[in-house]
Amino acid sequence: MQLSFTPIKGTSRKYKVLVAVLAVLALTGIVAYMVSYLEGLRLWGINNSVSWGQLITVDIFFIGLSAGSLVVSSLVYVFGQERYKPIGRMAVFMGLLLMIGAMVCVLTDLGRPEKMWRLFMYGYLSNMKSMFAVNGIFYAGYIGLLVAYLAAALANSKLTKVIAPVAVLWAILVHMGTGAIFGFIETRGIMYSPLKPVEFISAAFASGLALVMLLSYVTLKLGKRPISKDMYVSLGRMLIVLIIVLVVLVVTDKLTHFYPPARESVLFLTQGPWSWIFWGMQVTLGYVIPLIILCHPKWGKTVKGIMIACLICVIGIFGERMGIIFPGLSQPLQYYPGEIEGVWGVRGGFPIMPAETLMTVGIFSLLGLMYVLGLKFLQLLPTAGSEGTADEGSEATAEQKALAAEGGTT
Amino acid sequence: MAKWGMIIDLDKCVGCQACSLACKSENNVPHGSPHEWKRHQDLYWHKVIAVTEGEYPTVNTQIIPMPCMHCEHPPCVNVCPAKATYQRGDGIVMQNFRRCIGCRYCIIACPYGSRNFNFKDQADEEYDRPDLPPDLDLSYVGHIGPWPYPRRTRGVVEKCTYCFHRIDQALEKGVDIGSPDGVVPACVEACPAEARFFGDLDDPESEVSRLLATRNSFKLREEMSTHPKTIYLPR
Ligand code: SF4
Ligand code: SF4
């Protein structure tokens, strides 16, 4: 089967409005960043107890989605499953964009971003015992590989077959490394777990697949390109498996930490003030509702049902990321047995601050903008019978939903 | 080489917070506003916590002054990607503001909450001392001044240094460190109850070694295996 790809025309009014709105939001984010750089990070919600905030949450969310998109592309380019070919290029492109977004998040989150080159000194001026510095290798290599991968896929080159497996394996490394940033920190009970790296990958696969399905469907639909229902139904079945694997991992992890006498952190996560993130977002939205929809004999067979499940799952996995950062960091440290009085014993708070939130919105918009422009200037979409002008209105809706979830964080 | 350590006698401590104040003025640590205090965005190199156990009438409140523990196996040094925090040969865990990229990973890894992020520029003029050399690079000849931190850099992490500038100065001049009329960190000097002791843990003759040998002692969060060099004598 020979598929051909063509870009969208991008001349409709709606398309232009969408580009303009995204551009303005992205610009607002940039301005917010400049202001907070000049004023100091006191403009953000972070403080000395919850010292990582919205940007790191979004960062690990994006890294996960990126690794997941790559796995979808591997179905086409590694395992040669031709029926997934229509969305293969889109998946690679999304992988690259999301990774760029993640890097923007990490680097703007630094207190002294002008010194970020220190992260990439690979042992010379950086400390290779730090998972952060190790990830510097992973991230830089990953972006390089993704660019090569996308170029090869766009050129339909034979090299794709070589680059694809390397890129996918590297994506797994990237994700395990990111999990290790959290999993290796014994001080924070909710993060500390040998399963964290594996759990991170598994959540990445599930959320990445869901996002690729959702975005590709919306794009194909609005671009008036052919949509194969079978493809989405079979991807939906794959999503079921991935979510179940994730559930097994999370249950094992939490149960292990619930079992011994030192169980404060699991109790804090599941019954503390942030428990709505765990039960409401991670469990209900991330696992239960998508599984119910996907396994339902009727809903699981309709494209609409599958898409709703995907959307809810992506939001739920965002909750899972929040559930690492916010409860993980705001749990008070027990310096001495007993009840610590005053400010040193209370759990850390995290107010929503305008500058940080605008930056988060800005980064989401920046990615949306790059995606929409990519559709116009790169050959990502399969050719339609009749070339229609595209408008990507509801793609932004997906973004906005994710943002709404983000807004609920704080 | 010496191995500096601090001993805090909880039996003598009266909870007056003179140590916290002395630390703030010695190291030029900015005072925060009530607003920043509420948001947990102000800086404390030294804190005093009060831990309550039980309920009235069988209640017991323990006052515990907490500088940096200067761990033998410091998790903060492990996780710092930029080698900005490091352990000196004499065991002091140092922070290099010039190298720190402000990733705040060390705040997350420290089990004792000893690290603070600097959220804003110094506003108060009284703290602005451009006449003194700026950073803590010891190879810089002009370095030794009464205040090693004339001006703050925003966007980096700060922590207690056991007043390394006093120690280094004393070593240079050959003054005794840790004895009653010798040089000690500012918090030890300020303590009106004489509850704090500073000295060389490796030297069996020092006051701290003598105290450790004769009194029962404990460290905070020993289960974390960080082996703190700030050691407590129980009440
Ligand atoms: S107490 Fe915290 S900051 Fe001090 S050496 Fe130990 S881990 Fe590092
Ligand atoms: S904030 Fe500074 S000292 Fe702390 S880990 Fe990052 S670079 Fe190192």
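Ser225(B) is found in the loop between helix 7 (207-214) and strand 9 (230-233) of chain B. Helices (H or I, at least four residues) and strands (E, at least two) are DSSP runs, numbered from the N terminus. The model is predicted: local features need pLDDT of at least 70, side-chain atom pairs count only at pLDDT 80 or more, and totals for chains, interfaces and linings use all residues. Residues are numbered from 1 along each chain as its sequence is written, chains are lettered from A and ligands numbered from 1 in the order in which they are written, and side-chain values use heavy atoms, with hydrogens and water left out.

Ser225(B) is not a glycine, yet has a positive phi of about 55°. Its relative accessible area is 44%, so Ser225(B) is partly exposed. Buried means under 20% relative accessible area, exposed over 50%, and partly exposed in between (1.4 Å probe, protein chains only). In chain A, Lys224(A) also has a positive phi of about 55° and is not a glycine. Lys224(A) sits in the loop between helix 6 (196-222) and helix 7 (229-258) of chain A. Another backbone feature belongs to chain B. The peptide bond from Tyr56(B) to Pro57(B) is cis, with omega near 5°. Pro57(B) lies in the loop between strand 2 and strand 3 of chain B.

Chain B has seven helices and nine strands. Of its 235 residues, 59% count as buried. Its accessible surface comes to about 10000 Å², and carbon and sulfur atoms account for 52% of that. Accessible areas come from the Shrake-Rupley method with a 1.4 Å probe; for residues, only the protein chains shown count as cover. Among contacts in chain B with a separation of 6 or more, 62% involve residues 24 or more positions apart. Contact means heavy atoms within 4.5 Å.

Strand 8 (residues 196-200) of chain B has five of its five residues buried, so this strand is largely enclosed by the rest of the structure. Strand 8 of chain B is joined to strand 1 (residues 4-9) of chain B by five bridges, and the two run antiparallel. Two strands pair if DSSP finds at least two bridges between them. Phe197(B) in strand 8 is the bridge partner of Ile7(B).

Two bridges link strand 2 of chain A to strand 2 (residues 47-53) of chain B. Ile340(A) has Val51(B) as its bridge partner.

The contact between the chains takes 53 residues from chain B and 51 residues from chain A. About 4500 Å² is buried between them, 56% of it from carbon and sulfur atoms. Buried area is the accessible area (1.4 Å probe) that two parts lose on being put together, summed over both. In chain B, His40(B), Tyr105(B) and Ile108(B) lose the most area to chain A, together 16% of what that side buries. The count between the chains is one salt bridge. Asp109(A) forms a salt bridge with Arg104(B), with the closest N and O atoms 2.9 Å apart. A salt bridge is a side-chain nitrogen of Lys or Arg within 4 Å of a carboxyl oxygen of Asp or Glu.
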